Amino acid sequence: MRIYVTRHGQTDLNAKKLMQGRSDIPLNETGREQARAAREKIGNIKFDAVYSSPLSRAVETASIIGNVPMDRVITDERIIEADFGKYEKKPYCGVGIPMSLYWAIPEIFPAPKTVETTAQMIERVQSFFHELEKEDYENVLVACHGGIIRVIRGYLEDAKRGYIWRPRPKNCEIRVYESINGKHRILDAL
């Protein structure tokens, strides 16, 4: 199975550099353009399944890159963005020291109260992929969010701590992985 993992296109909150976790904000026109450009990069690939976080920015991105109508996108709560709690919609530069340190170096600093932990994200990502990898797909697209992709990369790149935090995923960046019998390897980064 080849697994294409992408972050959603830009939203207005992204453009304003605000924390955007579970708020359901749609793509802006730049985000739609990013998704169309990503589709062009991957060419004529046909996906056996297109999965997405249930948030509209990820669903629309999945639809565009996956080249399927939005009602054919399979949504799954386990790949929704991290819960930023009281920091939701706050400027990145104004969240305070505990959140800034956690979001910059989670391997050292703990999640502040109200914020989802990396352990919680790891648990839901592993559950999603253990189920996905039982399917008989040749090509599958997974569209989600910058925070949870760090944990998805950890799973698909077999990171000991369960995540790869840096570099931060860009909007509509695509990483292509191969999964065979529970073994993973990265094939490409677009």
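The legends below describe close-up views of a predicted model.

Residues are numbered from 1 along each chain as its sequence is written. Local features need pLDDT of at least 70 and side-chain atom pairs pLDDT 80 or more, while totals for chains, interfaces and linings use all residues, and side-chain values use heavy atoms, without hydrogens and water.

**View 1. Tyr-4 and Phe-47 form an edge-to-face aromatic pair.** Rings of Phe, Tyr and Trp (its six-membered ring) pair if their centres lie within 6.5 Å; planes under 30 degrees apart are stacked, over 60 edge-to-face, and the rest tilted. By this rule there are nine aromatic pairs. Tyr-4 belongs to strand E1 (residues 2–7), and Phe-47 to the loop between helix H2 (29–42) and strand E2 (49–52), 43 residues apart. Helices (H or I, at least four residues) and strands (E, at least two) are DSSP runs numbered from the N terminus. Tyr-4 is buried at 6% relative accessibility, and Phe-47 is buried at 3%. Buried means under 20% relative accessible area, exposed over 50%, and partly exposed in between (1.4 Å probe, protein chains only).

**View 2. Trp-103 and Trp-165 form an edge-to-face aromatic pair.** Their centres lie 4.9 Å apart, with 80° between the planes. Trp-103 is in helix H4 (residues 97–104) and Trp-165 in the loop between helix H6 (146–156) and strand E5 (174–180), so the pair ties together parts 62 residues apart in sequence. Trp-103 is buried at 14% relative accessible area, as is Trp-165 at 4%.

**View 3. Ring pairs join Tyr-51, Phe-128, Phe-129, Tyr-137 and Tyr-155 into a cluster.**
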